[in-house]
Amino acid sequence: MAFQAPIEQYSGKIREVTIGTGDNKVVAGGQNILTFYDFEGTMPHRPLIAMEVYDVEPQDWATALKDTLGSVWGDPVAWAKKCQDDFGADLICLQLISTDPNGADKSVDEAVETVKAVLGAISIPLIVYGSGNADKDSEVLKKVAEAAQGQNIVIGTAVEDNYKSVAAAAMGFNQVVSGETPIDVNMAKQLNILMTNLGLPAEQILIDPAVGALGYGLEYAYSVIERDRLAALQQNDAMMQMPIIANMGREVWKTKEAKISREEAPEWGDPTRRGILWETITAVSLLMAGTDILIMRHPESVNLVKKTFAEFGLN
Amino acid sequence: MALTGLDIYKQLPKTNCGECGVPTCLAFAMKLAAGGASLDACPHVTEEAKNALSAASAPPMRGVTIGTGNGAVKVGEELVLFRHEKTFFNAPGFALLVDDMMDEGEAIAKVEALNITKWERVGQILTANLVAVKNASGDAAKFASFVTKVQATTDMPLILMADSAESMEKALEVAGASKPLIYTATEGNADAFAELAKKYSAPLAVRAASLEALGELTTKLDAAGVKDLVLDPGTRTLKETFESLVYLRRAALKKKLRPYGYPTITIPAEETDDDMMEAVHAAVYVAKYGGLIVMRDLSPEKAYPLFVLRQNIYTDPQRPMQVEQGFYPVNSPDENSPVMVTTNFSLTYFIVSSEVEGSKQPAWLGVVDVEGLSVLTAWAAGKFVPERIAAFVKKSGIEEKVKHREVVIPGYVAQLSGELEDELGDWKVTVGPREAGDLATFLKSYQPVNA
């Protein structure tokens, strides 16, 4: 009996979204298959890894992170360069956490200075995320978009309460927008429709489904991303065909499983390998579900995900 | 090929007696065709029809049980390609690989460590499931002696891995009664291995150089009377194994090809020398579509995230995981520590408890049974309501654990505070933050009064 490989052909295809310019640009999306299914279609660009840089010195981060990143904490420029030069990041994701009005409440101008300094120091493309405060983010991201004109960066996140101003800033200064909705297929689609109705081209939109970490709601994120992706491929739904970005590093590294010491949890084994695996397994699961851009934190987790790409023949 | 509902209907009594639980024979036939019912439910079907229909009435992927008693591992019987379509049913079994060329003391120590590699999470026990014992030496007597020692060390079911029938026979003389998985039948040894599987009524793993050859081999074994099979596609790279697993799952479920309607075995231990990448391979096969996963290294920092992933992926999407109702101590609270309540949706509990832990402030975290809903959903559904919260607080025994009488409720249900105070009598209700992320800040400045 001859075995006929049961392959699937999809009518839809993920949109290509370009980030950065010239020789240093990267492209997310473009595939007409589920991630790693290249036996039945093509994936012209492998998924991308953005490494996180914070605009303030982190407090209470895991020892595993401090050991490898601690020397550049408090200096976003050095941190970004290290991720680019030493750790092979595809992009930098600058998290402007200090602008949070409920936290350090740094001014828009200070944030813009940090963005300019990082942009000036790196050659790989940049993603700039605000603090998550919708009102402040809309002010901050508007000025960031202006300051980065011509660089084709990603600004985010646009949410229900601020998408108009964030999308307007992206249109005005030709940047890409990451639109965030809380783990829900229909809400993600709705935000894409609203932003494209404003005139933002679909090629300038990423879907951020607000993922959870392994053990903290990963199964919801996994299935929502999988359903997003099947809607894009099987049903050829144009408003679901944007690449998916997962802001996962921060979710992983705030779990106790990723950060507590051996003394506090001897039954969980070596804390360094545990934290790295917590991030790596979260990342690999999100990739399998359909994520195109991972925002990650630990260099060794990044290295393991890159090895995974290599083993799947994606370079 | 599987039969259609109409093909099946022709073989049924057509009396519409309803004794199968479905009102009409036609509806029952349709259910059978979809794999949603078993022919045994029909008390009037003829033997002749039974034989004709046995293929169509069996589930598209057979369930296979390894081992006996409480520790037995069942894999297979999956019905969907994507978990959101229904659910994944039988979580993959994790096996630790040891072989008879290893230092024996070291091998036994690894198995002993595996016995206690076990955690409780959301009311479930996360644990390894099997020990794979390999005849690396090729020596039958040495293998049997090693199997004896491993079996004496653990209650977990075994996977016996040997190529020669002589080695397998010796090992089965020792361990055959506990129904180990016999690994593996290949083109060269299939007849001898089939005899052993039948003699011990043990499940048999099958390996071939291609999926086509694999299907031929399972067809032959099935004809020889060996029904409990496990498929090894024979690939030993991440890319090829993943491709094979996808093909096998689709062949079984979408094409209904019986020769491929069995669970799979994957062996990350033989796919990479890198211990961290071994975990990545395993993670890929947990998501898609490994039945058994054989690992060289299952040290706790690897096993825990993999077992949590398995729990996440195999959670029924229609039935959210729930935490048991009760007060949970966080950061060693005492009689003066804050008392807080939230709902028993596992995600809510995990997020709230991790934020409280992260705050380093001691607290009593009360989890109210609202049938696994989040705070706002439970409130909207009338389940996170003053009567239920008050009854929980009163019956929980927290009044003996703390000296004060003050309870913190989530900011999203601030409107409950007045009514809850009425219900609770001597308790004061304080409204906490709306988002768990703000709990650390809240707890730093909050102390219950009268404490």
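In chain B, β5 (124–127) and α11 (300–313) each supply at least two residues of the lining of the second largest pocket. Helices (H or I, at least four residues) and strands (E, at least two) are DSSP runs, numbered from the N terminus. The model is predicted: local features need pLDDT of at least 70, side-chain atom pairs count only at pLDDT 80 or more, and totals for chains, interfaces and linings use all residues. Residues are numbered from 1 along each chain as its sequence is written, chains are lettered from A and ligands numbered from 1 in the order in which they are written, and side-chain values use heavy atoms, with hydrogens and water left out.

**The pocket**

The greatest contribution to this lining comes from β5(B), with 4 residues. The pocket holds about 500 Å³ of space. Of its 21 lining residues, Ala91(B), Gln124(B), Arg310(B), Gln311(B) and Tyr314(B) are the closest to the centre. On a 1 Å grid over the protein atoms alone, a pocket is an open set of points where a 1.4 Å probe fits, with protein on both sides within 12 Å along at least five of seven lines; lining residues have an atom within 4 Å of a point. Grid points are joined across faces, edges and corners, and the volume is the space filled by probe spheres set on the points.

**The sheet of chain A**

In chain A, 8 strands form an open sheet with parallel pairing, in the order β8-β7-β6-β5-β4-β3-β10-β9. Its edge strands, β8 (205–208) and β9 (245–247) of chain A, each pair on one side only. Two strands pair if DSSP finds at least two bridges between them. Strands β3 (residues 48–54) and β4 (residues 91–95) of chain A run parallel and are joined by 5 bridges; Ala50(A) has Leu91(A) in β4(A) as its bridge partner.

**An aromatic pair**

Phe36(A) and Phe312(A) are stacked, at 3.9 Å centre to centre and 10 degrees between the planes. Phe36(A) lies in the loop between β2 (26–28) and β3 of chain A and Phe312(A) in the segment after α11 of chain A, so the pair ties together parts that are 276 residues apart in sequence. Rings of Phe, Tyr and Trp (its six-membered ring) pair if their centres lie within 6.5 Å; planes under 30 degrees apart count as stacked, over 60 as edge-to-face and the rest as tilted.

| Bond | Omega |
|---|---|
| Gly156(A) to Thr157(A), cis | near -5 degrees |
| Tyr183(B) to Thr184(B), cis | near -5 degrees |

Thr157(A) is in strand β6 (residues 154–158) of chain A, and Thr184(B) is in strand β8 (residues 181–185) of chain B.
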